[in-house]
Amino acid sequence: MAKLKLALYWAATCGGCEVAVLDLNEKILDVAAAADIYLWPVAMDYKYKDAEAWPDKFIDVCLFNGAIRNSEGEHLAKLLRAKSKVMVAFGSCACFGGIPGLANVADREGVFARVYGETPSTDNRDGTRPQTSFAVPEGELTLPHFYDTVKTLGQTVPVDYFLPGCPPAAKQIWAVVQAIVAGQLPPPGSFVGVAEKSVCEECPRVKEEKKVTAFLRPHQVIPQPEKCLLEQGLVCCGPATRGGCGAQCINANMPCRGCYGPTERVTDQGAKMLSAIASIIDASDEAGVKKVVDQIVDPLGTFYRFGLPNSLLTRVRV
Amino acid sequence: MSGENSFEPRIIGFLCRWCSYQGADLAGTSRRHYPSNMVPVRVMCSGRVDPTFVLKAIADGADGVLICGCHPGDCHYQSGNFNAMRRYPLLMKALEQFGIEKERVRLEWISASESEKFALVVKEMTETVRRLGPLEWNRRVFQKGQRKT
Amino acid sequence: MITLTINDRRLQVQEGTTVLQAAKSAGIQIPTLCYHEALAPYGACRMCLVEIVAGGRLGLSASCAYPAQEGLVVRTDSSRVFKARRMVAELLLARCPNVPEIQELAQEMGIERPRFHIEDERCTLCGLCVRTCEEIAGVSAINFIQRGTEREVTTPFAVPSEACIACGACALVCPTGAIVIDGAEEIKHRELRLGPAKAIHVPFLQAVPKAPLIDPEQCIHFRTGKCGVCERFCLSNAIDYEMEDEEVEIEVGAIILATGFELFDCSRVAQYGYGRLPNVISGLEFERMCNAGGPTGGKVLREEGRPPESVAIFHCVGSRDENYNEYCSRVCCMYSLKFAHLVREKTGSKVYEFYIDMRAFGKGYEEFYKRLLMEDVIFIRGKGAEVTDVAETPEEQGKLIVKCEDTLLGIVRRIPVDMVILSAGLEPRRDAAEVARLFSVNRSKDGFFLERHPKLAPVETASDGVFVAGACQGPKDIPDSVAQGAAAAAGALALIDLGKVEIEPITALIDEAICSGCKICIGLCPYTAIEFVSRDTTGVAQVNEALCKGCGICVAACPAGAATQRGYTTQQIYGEMEGALRAGAGG
Amino acid sequence: MQRVTIDPITRLEGHGKIEIFLDEAGEVANAYFQVPELRGFERFCEGRPVEELPRITPRICGV
């Protein structure tokens, strides 16, 4: 059997997903044995124009990580979609927008104004801003167009599989790689390397009926290791987040922030978590509820930490 | 759309089956006039109103969302409306972060007998949203992101 | 068995019987004073002296303490016995010449005037009280002090004793009335307040079963572990201290809530002076007063015992009042009219009815109202504003003055009366919220249980199989309560007869394949219809469809989307919204 | 004037592009290094609770 042709690409990302692939450790050799990697900017020297030269559907599987932040990301997404038989949204950024997707609290102007003007360390008296086209004596230089809104890969091109996680757990990556090699992939559009149920299924903590009288911040509490974090007043997004990670954060005494995204039935992870968490507030009058709600300082940044572009509202209105 | 004055807000109203929907019903049978801008969606209880519904309505182009339930203590399901009462402030806090004016999403307790209040709330809300202007999330906000679904 | 002879009669008695008991069983009278069958023999008063003629220690002995012996020969009628008894009686009469019981005793013995120094005591030093306090009450709060002529019964150091439990047994047992419980002689209005008067009582006149019960708060046995007199003397051995309230689990197919109402507490309306001013009484107290078996024997009396010459009856006490309850209690107008009729009939006194509106809507009620108009009852349209005892004119002196606005005359009036009857309204019971929660029944704004539909389902509730009847659903009179009770019973029977229950078609459903067992939904269900079922790793929530009412709270709260609602699925609601917005509401 | 474009620059973390201009002799006349990627952490970290930043800022670079 011919070796698989594999491409890995990153758009608006931190590179953690690439490292997660390396976390396969010695199994990376098995990957190399089963597949030839044709594109992987972090590890191999290939150029975009090489990719552009490939015939359509030349690549068997493309693992695409990162959100779509600018025209370059969009171009590569479209290019690799055309060149690949199977497109995998790899990691939370590609699947839901991820941490870069949080930039949807602002538009291009908002980001530029802050980054190139307002931060205390900025020294930019001329007010220089990135230009898509800039004339230098030698000719014209170009930069990608910076969009107002971060998009997921799925909002940009059709995606065959979603492998979420920030980053995806190594064992999940390996399971998916094996499935690809064996040709045992589920129907297109599926999430792979995930659990059907939410993180609570994997969470070893004891769960009881929930009634929360106060939400606490880390300096206010040392969480008991055996007891559900939410019951201890720590906002944990585990109940609204698809499992598959093995409850890594929770096992480290840190509440879940939802990087595996919503379960299959849920339209909007943040709204669902918001609904669940508000429902268990132990107060039956408006003043009492308000007191507890006031303790949740940043609902948007908490409940939409990894999924703002994938949410129903997608972005903040500017 | 010929101008702001002719703007007709589109409001989705989630009415609980036992109190508010009956209040709306009574408003009808009592021949009370109120704007037709609010389209009711009947739910069994205001506690059934998932914040997702509100976001979905906005994402689909609603300019405002009204949630109506029984008065606290009068819930047909005893404590259902308390859940609406608990979710609403947190939802409003999130919506504020999303840049949505708080007047666009309103929670009201309307009993089966309060047809007058129902008509008044719908009237008030329609006027308030009309003043705020179109939200049109699906056109104005999504186009910035050229959202594909 | 022991055979002994008393006054030439051969008697057979049980071993352990005293001579006194043996004589009593044979109908031979021996006078006693310090003897009480509930107490151990004491032999202090020497009133029960008999002569032992043979078979024992010969001579005079106190029969209460002398055990019957085989072959004992006793005389209670010898001259020696009579002489000794007379001496005892004479000495007692000298000590307590003004005590009727002692005078009577002495008279029986033929003593007119004692030959000895006359004193004026009530206490005979029989010691019944001291022994009762020790043996029965078990607290020994009183005892004898001093010796000889100085001897008396008192508490230690003659100060109020902390050991005393105020049971009153000492006063009860005292043969001469030497012990008085403070406040016991106060006027009988006090007894008008309902409540158990004694440790053993029948709960109320119409109680079913009409059997007495022991109030452990008052019963000496439960307080000190002693007494037990009732158990010892009950002929049918009906007393069982061990008997306790027990919880019995009964499986039923239907439940009728008929928990009734609570009467408005008139003392909440401070300006009416209830509890502060004498002769301001509640309707229920007036009812007690009218009861022939009640504390006044059915007479309408003022506190000091004389019948009133004028009576005011206040309607709407705690009803139709924004400060208390806004609703109309429905029964007060009619029972106030009945009171007026009773007062007129029993005393012929003037009766004023202070009313807001006269609501005589039942069958025959209007006719009764008209009859009362003919009975010269004075109707004043205006709510009683205040009752005071501060007189402004001589004719108000010693009266209660009712202030009110007579809205028909348009003036403020002061009307002096002898008695004020407050027609208290009906309120939900104090524990109505708890009961409502227990049975998953709703309550209306006024706190009464809410029927499923005011017209179409007036005895059903939101909980299938739970019915309401009577005043727990809202104030109503007896005919209405009976009718509703019958309707509820019929509803329950119909349900039982059917043998099956129709359940709500709109129910929640939790998909086990998605549920991760986070338990967020469990505590939210108002009907505790969500159960947690253990599975391999953690567990899943499951909806008991027989209990689920389909509110959908859990569906909205389920963070994983595992819960859905039949008939109102998220997709259906989305569809409805999309349709509404596509159609362009208002646009 | 000849132009050499290296796009992307590889085997490092992040996105980069280098434009090199050669003169007639084939020597480098000028070179431009461009960073086409910007995510805006400076902006979206604003408004987040301070205790959450240790879980956000690691995503600046995960390599």
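**Interfaces and cavities**

Guide: Between chain D and chain A about 4,100 Å² of area is buried, and carbon and sulfur atoms give 58% of it. D:Leu38, D:Arg55 and D:Arg59 supply 17% of the area that chain D buries against chain A, more than any other three residues. The model is predicted: local features need pLDDT of at least 70 and side-chain atom pairs pLDDT 80 or more, while totals for chains, interfaces and linings use all residues. Residues are numbered from 1 along each chain as its sequence is written, chains are lettered from A and ligands numbered from 1 in the order in which they are written, and side-chain values use heavy atoms, with hydrogens and water left out.

Visitor: Why is the area between chain D and chain A called buried?

Guide: The term denotes the accessible area (1.4 Å probe) that two parts lose on being put together, summed over both. The value of about 4,100 Å² is therefore a sum over chain D and chain A.

Visitor: What makes residues of chain D and chain A part of the contact?

Guide: Contact requires heavy atoms within 4.5 Å. The contact takes 42 residues from chain D and 55 residues from chain A.

Visitor: Why is the pair D:Arg11 and A:Asp45 called a salt bridge?

Guide: A salt bridge needs a side-chain nitrogen of Lys or Arg within 4 Å of a carboxyl oxygen of Asp or Glu. The N to O distance for D:Arg11 and A:Asp45 is 3.1 Å, so the pair qualifies. The count between chain D and chain A is six salt bridges.

Visitor: Which elements of chain D give two or more residues to the side that touches chain A?

Guide: They are strand 1 (2-6), strand 2 (17-22), strand 3 (28-34), helix 1 (41-44) and helix 2 (53-56) of chain D. Helices (H or I, at least four residues) and strands (E, at least two) are DSSP runs, numbered from the N terminus. Helix 1 of chain D gives the largest share, four residues.

Visitor: How do you know that A:Arg265 and C:Asp511 form a salt bridge?

Guide: The closest N and O atoms of A:Arg265 and C:Asp511 are 2.5 Å apart, so the pair meets the criterion already stated. The count between chain A and chain C is one salt bridge. In this interface 22 residues of chain A are in contact with 24 residues of chain C, and about 2,000 Å² is buried, of which carbon and sulfur atoms give 51%.

Visitor: What classes of residue line the largest cavity?

Guide: The lining has 17 nonpolar, no polar and no charged residues. Ala, Val, Leu, Ile, Met, Phe, Trp, Tyr, Cys and Pro count as nonpolar, Asp, Glu, Lys and Arg as charged, and the others, Gly among them, as polar. A:Leu6, A:Val31, A:Ala35, A:Leu63 and A:Val177 lie nearest the centre of the largest cavity, and helix 8 of chain A gives the largest share of its lining, four residues.

Key:
On a 1 Å grid over the protein atoms alone, a cavity is a set of points where a 1.4 Å probe fits but cannot get out, and a pocket is an open set with protein on both sides within 12 Å along at least five of seven lines; lining residues have an atom within 4 Å of a point.
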